[in-house]
Amino acid sequence: MTIAFDHSSSIWPRESNGKFFTDLSIDHRQQVGGSCVSTGLSLLSKESPAAIREQINTQDPVSWSRYLQGYGMKLAYCATDLRRLQHYQDQLLALDDLFTISTYSPADIKAIGAAPDSSGWVCGSHFVVLHRHIVYDTLDAKPVALNEYEDLTRYVKRLFRVVPVNHERGL
């Protein structure tokens with residue numbers, strides 16, 4: 001018996017390429033301290049990052065999705081593996097919609113795969129919003145086009161498509 005492996009996967013099923021949030025208006029803001037998740041989510045909800053931080057766990061995307069459900073949105077998993085963001089760039093641009101992207105902070109793959117320290121810490125990560133072709137990185141002063149984004153060489157930790165709350169897929 002021969003087992004065939006798929007050597008790659010599309011981040012989103014080809015049969016469901018509808019667009020959901022192409023007309024969304026996002027007002028950029030910069031994060032204060034280590035608040036990339038709550039500040040990133042605030043771009044979608046318009047609520048203050050401090051108020052969001054009280055409602056989510058920064059390490060739990062299910063809590064992010066539950067939070068967004070109050071705004072008619074939720075997160076849907078995109079198929080990824082340990083690749084650099086630049087390897088997903090063409091698919092993201094072709095889908096032309098709304099995504100959240102988390103990348104590992106270290107550029108060295110060995111640091112990402114290291115054993116945790118005594119507190120359980122391995123390495124940092126960062127959360128950004130991609131709307132169509134524009135990256136809203138709350139560390140930066142202004143949004144930038146994906147093809148000009150400085151962190152395209154970072155390894156992807158998580159990639160979610162933002163879908164309507166009633167969509168069949170989602171957390």
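Me: In which helix is S38 found?
Reply: This is a predicted model, where local features need pLDDT of at least 70, side-chain atom pairs count only at pLDDT 80 or more, and totals for chains, interfaces and linings use all residues. Residues are numbered from 1 along each chain as its sequence is written, and side-chain values use heavy atoms, with hydrogens and water left out. Helices (H or I, at least four residues) and strands (E, at least two) are DSSP runs numbered from the N terminus. The helix that holds S38 is α1.

Me: Is S38 buried or exposed?
Reply: Buried means under 20% relative accessible area, exposed over 50%, and partly exposed in between (1.4 Å probe, protein chains only). The relative accessible area of S38 is 2%, so S38 is buried.

Me: How many residues of α1 are buried?
Reply: The helix α1 is mostly covered. Its buried residues include C36, V37, G40 and L44. The count for α1 is 10 of 10.

Me: Which residue with a positive phi follows α1?
Reply: The helix α1 covers 36-45. After α1 comes a residue whose phi is near 70 degrees, namely K46.

Me: Which residues does S38 touch, not counting those up to four places away in sequence?
Reply: Contact means heavy atoms within 4.5 Å. S38 and Q55 are 17 residues apart in sequence, with C-alpha atoms 9.2 Å apart. The residues that S38 touches under this count are P49, I52, R53 and I56.

Me: What volume does the largest pocket have?
Reply: A pocket is found on a 1 Å grid over the protein atoms alone: it is an open set of points where a 1.4 Å probe fits, with protein on both sides within 12 Å along at least five of seven lines, and lining residues have an atom within 4 Å of a point. Its volume is the space filled by probe spheres set on the points, which are joined across faces, edges and corners. For the largest pocket this is about 250 Å³.

Me: Which element gives the largest share of the lining of the largest pocket?
Reply: The lining has 16 residues, and C36, V37, T58, Q59 and S125 lie nearest the centre. At least two lining residues come from each of α1, β3 (125-131) and β6 (156-164). The largest share, 3 residues, belongs to β3.

Me: How many charged residues are in the lining of the second largest pocket?
Reply: Ala, Val, Leu, Ile, Met, Phe, Trp, Tyr, Cys and Pro count as nonpolar, Asp, Glu, Lys and Arg as charged, and the others, Gly among them, as polar. The largest pocket has 6 nonpolar, 8 polar and 2 charged lining residues. The second largest pocket, of about 160 Å³, is lined by residues including D137, K142, P143 and E148. Its lining has 3 nonpolar and no polar residues, and the number of charged ones is 6.

Me: How many aromatic pairs does a search of the whole structure find?
Reply: Rings of Phe, Tyr and Trp (its six-membered ring) pair if their centres lie within 6.5 Å; planes under 30 degrees apart count as stacked, over 60 as edge-to-face and the rest as tilted. The number found is 3.

Me: Why does the pair of W64 and F160 count as edge-to-face?
Reply: W64 lies in helix α3 (residues 61-69) and F160 in strand β6, so this pair ties together parts 96 residues apart in sequence. W64 is buried at 0% relative accessible area, and F160 is buried at 6%. The ring centres are 6.5 Å apart, and the pair is edge-to-face because the planes stand at 80 degrees.

Me: At what angle are the planes of Y67 and Y71?
Reply: Y67 is buried, at 6% relative accessibility, whereas Y71 is partly exposed, at 36%. Their ring centres are 5.4 Å apart, and the pair is tilted because the planes are at 45 degrees.

Me: Which residue forms one aromatic cluster with W64 and F160?
Reply: T100, in strand β2 (residues 98-104), touches F160 and one further aromatic residue of this cluster. The cluster consists of W64, F160 and F127.

Me: How far from the ring centre of W12 does R169 lie?
Reply: A charge sits over a ring if NZ of Lys or CZ of Arg is within 6 Å of the ring centre and within 35 degrees of the ring normal. The charged end of R161 sits over the ring of W12, 4.9 Å from its centre. R169 lies over the face of W12, and its distance is 4.1 Å.
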